[in-house]
Amino acid sequence: MRLTNVAHLRLPFGRLHGYDLAVGEPLRPLPVSFDQRRHVGAGARPGSWMALSFRLPEPVDRERLAAAWLAVVRRHGTLRTVFTPGEHGPLLHEHEVGPGGWVEHAIAPGQAVHEALRDVLDAACSPYERPSHRLCVLETAAGPTVVVGADHAHVDMWSMLVIVRDLLAELGGGAALLPEAPAFAEHTRALEARPPAPDDVRERWAAVLEASGGVMPRFPLPLGAPGPQPERVEVRDVFGADDSVDVAAQAREHGVSTLALAVSAMTAVTQELAGTPLRAVFPVHSRFEPAWHDSVGWFITNAVLEAADPDPRAAAAAIREALRLGSSPLADVLAPWGGMPEAPGMLAISWLDLRRLPVRVDTAALEAQYVGATIRTDGVMVWFILDETGLHLRCRYPDTPEAREHVGAWLDLLVARLQQDARSSVRRAIRLGERAFRVERATRADIPEIVALLQDDELGRDRETAEAARYEAAYDGIARDRAHYLAVVRDEADDRIVATMQLTVIPGLSRGGSTRLQIEGLRVLAAERSQGLGTAMLAWAHEHGRARGALLAQVTTDEARDRARAFYTRLGYETTHVGLKRTL
């Protein structure tokens, strides 16, 4: 899923509408969580929201969309609550919420659509608004784009996925199948009832804060003039689906998570550029029990992460410690500092692996984008999202010359290191005795060597005689579709290409919706045959398919290739189907 900022949001042009809900008088008072009190207590202000945009597959009547939205609001308690200022901090009450009406938000001549949307969300999604969330729809010739925005006091990133899932279920008639969703206020009460932090947790918090100068951890390099500055937002796609699989394999080799490898990389980069350990605020979710998985709210608490050793296992231990530090009520832990001791330059690192969440939304089909607000800032916030398309990063920092230089260099080195970790993954390696080979996606420059491999047998020498331009055009078509993986295998000793194969992941409805791995064009250089390389390549291909959800591998070979058929049979392939071909 794309991580972006409203200033960089890609939206088609169209008519922008927002839905005004009718909010009644206050009902019962509700508890205010530690983070809500801190966030809302900062007062009404623009840019305190987060949003998610997505495209609907077909036009939807606005009244039907409004009814679905009202059902979502009534399902989730926090969306029916309103904050008001109080003598000793913000107060929170539940309200009755009923149908309202649509309002068209004008887009001024020369104004970009995302600018008009920003103005709407800044006004509607401020902490003390009634309510402080907004449903918008952008009606375009290409179909409707829906944007759901809410003040951060009521949502986190996980919650945004829950909202979209539930809205789509209401529109599609599947809402009756949704699980129960307890209100966030119940979670706040449950956190308040947790036992105080043990002494060792308090002592570790104190040690990290003392090492950070008595405040929450800060970015270790100069950021320029003190005080809030206009923000600079960088959005980077760190690596794609292929590298994501490679990094996951490398993590398994070390016995750690992908997050641990990212923390390892950040630790190494921080030491190289600043000569200090990595210290950061580390938001962790507080959905400690499955009962909260389908609820909407700010299920986030903060921990502190300190990592001094870039070894992946040490990074994993630092993460485990941070999770433990975030498992106790923060109001109690931070009482000696009078609350969270924030300071200019604070560094925060957020990680969300969408693949592991129990809430599933087809974000790729919906062209979904997480959208952040535009603010002034004096700190550095780094968000990572890992999904089926790879690892994505968004970073916000003060737009000063010093911050551009230092945060930019930190990000450059971090991304380069993560990409290098992917390239050097054990998953790309094949070892046969003393020899080492490397599997990678083919590049355009590899086409002549691949064609030579295809020509190097009794059938290929007569069949593979097309002009180079046709092979190049075919390569371009393969490279455009990431479901295809045209692999080359290189000898590590001299970087020669010694084998090739084409892998294609094919989703389907048959066999209970099974995904298949199609293996085509497996060729090994004549001098390298009968030494186990082909067998190792198939094992690699099978793992490639499993990592992408394939339950079945299938291969075709010409009837004249007796040795090839025997090879595949020996590796467990069965001749269960008749393959037919015809020339078009």
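The model is a predicted one. It holds 8 aromatic pairs, and one of them, F184 with F299, is described below. The helix crossing is that of α8 and α12.

**Aromatic rings**

- A pair of aromatic rings is described by how far apart the centres are and by the angle of the planes.
- The ring centres of F184 and F299 are 4.9 Å apart. Their planes stand at 80 degrees, over the 60 that marks this class, so the pair is edge-to-face.
- F184 belongs to helix α5 (residues 184–192), while F299 is in the loop between β9 (278–285) and β10 (300–307). The pair therefore ties together parts that are 115 residues apart in sequence.
- Both F184 and F299 are buried.
- W292 joins F184 and F299 in a cluster linked by ring pairs.

**Charges over rings**

- R287 places its charged end over the ring of W158, 4.5 Å from the ring's centre.
- W383 has R394 over its face, at 4.2 Å from the ring centre.

**Helices α8 and α12**

- Helix α8 spans residues 258–274 and helix α12 spans residues 401–423.
- Their axes come within 9 Å and cross at roughly 135 degrees. The two helices are therefore oblique to each other.
- The crossing is right-handed.
- On α8, the contact residues are L261, A262, A265, M266, A268, V269, T270, E272 and L273. On α12, they are A409, W410, L413, L414, R417, L418 and D421.

Notes. Residues numbered from 1 in each chain as written. Predicted model: local features only at pLDDT ≥ 70, side-chain atom pairs only at ≥ 80, totals over all residues. Heavy atoms only, no water. Phe/Tyr/Trp six-rings, centres within 6.5 Å; stacked < 30°, edge-to-face > 60°. Helix = DSSP H or I, 4+ residues; strand = E, 2+ residues; numbered from the N terminus. Buried < 20%, exposed > 50% of the residue type's maximum accessible area, 1.4 Å probe, protein only. Lys NZ or Arg CZ within 6 Å of the ring centre and 35° of its normal. Axes fitted to C-alpha atoms, helices over the stretch in contact; angles between N-to-C directions. Parallel < 35°, antiparallel > 145°, perpendicular 65-115°, else oblique. Left-handed = near helix turned anticlockwise from the far one by under 90°. Contact = heavy atoms within 4.5 Å.
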